[in-house]
Amino acid sequence: MESEALMSTFLRRGVLWPTAEIYGGIQGLYDYGEAGSSIKRNLEAAWERWFVGLSPGYYRIEPAEILPEAVVRASGHLANFADPLVKCNACGEEYRADTLLEARGVQDAEALRGEELQKRLVELKIRCPRCGKAEFTPPKAFNLMFGFDWGAQSEERAYLRPETAQSSYLAFPRMWNAMRKKLPLGVAVVGKAYRNEIAPRQVLFRMRAFTQAELQIFFDPEGLPDSWRVPPDFSVPALTARDREKGAKEATLQKLSDLVAQGQMPEFYAYHLMQTYRCYRDVLGYPEARLRLFEKNEKERAFYNRIQYDFEAHLDSLGGFKELGAVHYRGDYDLTKHSEGSKTDLGVTLENGRHILPHVLELTFGVDRNLWALADLLMKKDGDRTVWSLPPYLAPKLAGILPLIPKEHGEDALRLHRRLVAEGFHVVLDDSGSIGRRYARLDEIGTPFAITVDRDSLTNQTYTLRERDSKAQRRVTVEELAVALRKASLFPTPHSEVRN
Ligand SMILES: [Zn+2]
């Protein structure tokens, strides 16, 4: 769906809006309304059920969002977490140098550094989008962290966390001891991260405060679980670094087992690509034709990542493939750095007596980005209605209860509403406007079912159940209603049979 149509539906239905909108908004921040925050919570729950559900040894924690300076110094963020900032000499506007180049079609702009960036800006005669002059200051590294002094005497420097991952590394020794000293150990965090973006843009894709869902899996590379294997035929649309080097521009369907056999990735990594891919396809319901796995090459990925595949979806609203999450094999970089920084040995002694520093596999997921992608990929025009075909367990409400004539059927509708709420279903009662308009409102925010209460409901306790996507209607009893709602609210799990 196009960006304007999507945003206008979001604003009209109160899904989300710019923060401090009545003051003109503020770049890079959005507030979620009732429908938006419900979808977001459901998305987080779906992510957690899937990824924390991968193994009994995985847990979710809730660490603080503020970190002392020693942490971001050890992790490398203080020195390296920066974007190249240039300033227009004529009008003073500031830009990310790589973004200016990207807008002119330079593919690898993100991988370019200081002098190279400047050279390309001059070569391509890049002009200031605001005033048209072609004169910029040399790029300087602009750190993206929000740092501040705190304490009554401002004696300490602290930072809003730029990613949730660091908190999981800090939690490792406590979690190791509290959770029966077994590997693999998974530590998940779902929460806010903060970045002082130079130029926030693309709505939910580059925000200054955003929600990440990340799972850090600590494991012993010499003692991998037997279950970390891929079936021989499981394939994914992938654009590998090797294929890109040979000039490939588009993803092709590749068997993960082939990529393992060719030595392009270890099998444990392929297994996690498969489970992540299944989540996008089976849990979130993304059309496979819109998905691809994109391998970052050595120049593009952070130096501590040994392998990195981004999960991308082709979004019409943003004009191309956009990253929604990734799988990073980080080796022992993180525990090494925090062992040095904290002067604490973060190594562990295994049951067989070996003392090792666990490796980390990081599964990341941008919650806001995925909410936008769900709208882009699953919201459609159908005649004069707009239908958001969300999987039922992601919808803000499972069903709307609509008294046909509110004056006559209102009480009965209220009774049904109470009963379904008591059974644990998220349902809403809507008695304003024509039945057609009420259907339309429900369709736009992805409500999978509408239940109409009419004259017959009073006499024989049956209701009309309408399905959102097909508009098919059938007459059901309250028991049948509960069964249909229960069935629709079940999440898929990672342990169901793997289909290709
Ligand atoms: Zn300018």
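Of the 106 residues that make up the largest nonpolar core, A270, L273, L371, A399, I401 and I451 touch the most other members. A nonpolar core here is a set of buried Ala, Val, Leu, Ile, Met, Phe, Trp, Tyr and Cys residues joined through C-beta atoms within 7 Å. Buried means that 20 or more other C-beta atoms lie within 10 Å of a residue's own, exposed means 12 or fewer, and partly exposed falls in between, with C-beta atoms placed from the backbone. Helix α10 (residues 267-283) is the top contributor to this core, giving 10 residues. Domain 1 (3-78 + 146-379) and domain 3 (387-488) both supply residues, so the core sits between them.

A word on the model itself: it is predicted, so local features need pLDDT of at least 70 and side-chain atom pairs count only at pLDDT 80 or more, while totals for chains, interfaces and linings use all residues. Residue numbers start from 1 along each chain as its sequence is written.

Helices (H or I, at least four residues) and strands (E, at least two) are DSSP runs, numbered from the N terminus. The 17 residues of α10 reach 23 Å from first C-alpha to last, close to the 24 Å expected at 1.5 Å a residue; the expected span is 1.5 Å times one less than the number of residues. This helix is mostly covered, with 12 of its 17 residues buried, among them F268, Y271, M274 and Y280. A270 touches V230, L256, L259, V260 and M265, leaving aside residues up to four places away in sequence; a contact needs C-beta atoms, placed from the backbone, within 7 Å. After α10 comes G285, with a positive phi near 75°.

β3 runs parallel to β10 (residues 185-194) over 3 bridges, and Y58 has G186 in β10 as its bridge partner. Axes are lines fitted to C-alpha atoms, for helices over the stretch in contact, and angles run from 0 to 180 degrees between N-to-C directions.

Strands β20 (residues 379-382) and β21 (residues 385-388) run antiparallel and are joined by 4 bridges, with K380 partnered by V387 in β21. There are 2 residues between the strands of this hairpin, and G383 takes a positive phi near 65°.

Another open sheet has 5 strands, ordered β23-β22-β24-β25-β26, again with mixed pairing. Its edge strands are β23 (427-429) and β26 (473-477), each with a single partner strand, so one side of each is left without a neighbour in the sheet. Helix α13 (residues 406-422) packs on this sheet, touching β22 (399-403), β23 and β24 (449-453), and its direction makes about 155° with that of β22. Helix α14 (residues 435-444) lies across β22 and β24, at about 170° to β22. β25 (residues 462-467) pairs with β26 in the antiparallel sense over 5 bridges, and T464 has R475 as its bridge partner in β26.

R468, in the loop between β25 and β26, is buried, with 23 other C-beta atoms within 10 Å. R468 touches V387, D443, T447, P448 and F449, not counting residues up to four places away in sequence. Y23, in the loop between β1 (16-18) and β2 (30-32), counts as exposed because there are 8 C-beta neighbours inside 10 Å.

Key: Domain bounds come from an automatic or database domain assignment. Two residues are in contact if their C-beta atoms, placed from the backbone, lie within 7 Å. Two strands pair if DSSP finds at least two bridges between them.
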